[in-house]
Amino acid sequence: ANKLTMRIMIGMILGIAAGYAANQIADSPAEAKEYAGYFSIMSDIFLRMIKMIIAPLVFSTVVSGIANMGESKSVGRVGAKSLLWFISASIISLLLGCLLANLLQPGVGLGMSLPDAAAKTNLATKSLTFGNFLVNVFPKSIFEAFATNQILQILIFSIFFGLALASLPGKTANTIKMMTDEAVHVMIKVTDFVMQFAPIGVFAAMSAAIATQGIGVDRKSVV
């Protein structure tokens with residue numbers, strides 16, 4: 001872990017250097033943006049790999065954990081705690097993000113052009129209600145949930161799947177239990193493989209940002 005952290009820090013420093021070099025070499029903002037696009041390819045690939053492992057990792061670990069609990073009472077408690085933990089962690093993350101955004105105010109003072117006030121975001125924010133949120137927690141198709149990385153829906157299905165495995169008597173579902181147990185080890189190893197690319201992802205992300213914006217921060221003059 002310490003070696004990976006050191007490699008990430010080195011990747012960040014090298015990314016700043018490479019982005020600054022690209023920013024200085026570029027003859028125009030359009031050319032700098034083109035250079036940044038090349039760097040962004042690597043960061044986009046890394047982000048896709050991160051998204052790739054989330055669904056199978058959540059499914060295999062939750063199903064394996066619940067299926068091996070044995071007692072139905074313990075299984076029910078674990079399932080409820082898993083769902084409660086996920087919702088609580090999501091709420092805490094949102095509150096923490098709002099708090100830090102208001103305290104640190106990232107982006108304030110940057111001399112960057114703002115989008116048109118009439119620009120459309122295509123976000124259906126008005127249609128989001130508590131009822132819709134509650135309904136969307138339960139997947140209508142597990143394949144759709146996996147394809148779109150709907151983690152809460154995957155968690156709900158994983159809990160039901162694990163409960164079903166744990167409730168089956170004898171050797172009825174031993175093969176599936178063994179497969180999910182082995183899938184956990186496989187996915188942990190895949191996660192380790194993906195994290196080895198983290199320094200490259202950080203390097204590419206920093207390079208792309210510095211290539212377009214430069215290493216300095218332009219502040220608007222206060223009148």
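Student: Which pattern does the protein chain follow, read along the sequence?
Tutor: This is a predicted model. The protein chain has eight helices and zero strands. Read along the sequence, the pattern is α-α-α-α-α-α-α-α.

Student: What share of the residues in the protein chain is buried?
Tutor: Buried here means under 20% relative accessible area. The protein chain has 223 residues, and the buried share is 24%.

Student: Among contacts between residues at least 6 apart in sequence, what percentage joins residues at least 24 apart?
Tutor: A contact needs heavy atoms within 4.5 Å. In the protein chain, the percentage is 81%.

Student: Are H2 and H6 roughly parallel or roughly antiparallel to each other?
Tutor: Helix H2 spans residues 29–67, and helix H6 spans residues 151–167. Their axes lie 8 Å apart, at an angle of about 30°. Angles under 35 degrees count as roughly parallel. H2 and H6 are therefore roughly parallel.

Student: Is the crossing of H2 and H6 left-handed or right-handed?
Tutor: Look at where H2 passes H6. The crossing is right-handed.

Student: How many nonpolar residues are in the contact of H2 with H6?
Tutor: H2 brings residues including Ile54, Val58 and Phe59. H6 brings residues including Ile151, Leu155 and Phe161. Two residues in the contact are polar and none is charged. The nonpolar residues number 17.

Methods:
Residues numbered from 1 in each chain as written. Predicted model: local features only at pLDDT ≥ 70, side-chain atom pairs only at ≥ 80, totals over all residues. Heavy atoms only, no water. Helix = DSSP H or I, 4+ residues; strand = E, 2+ residues; numbered from the N terminus. Buried < 20%, exposed > 50% of the residue type's maximum accessible area, 1.4 Å probe, protein only. Axes fitted to C-alpha atoms, helices over the stretch in contact; angles between N-to-C directions. Parallel < 35°, antiparallel > 145°, perpendicular 65-115°, else oblique. Left-handed = near helix turned anticlockwise from the far one by under 90°. Nonpolar A, V, L, I, M, F, W, Y, C, P; charged D, E, K, R; others polar.
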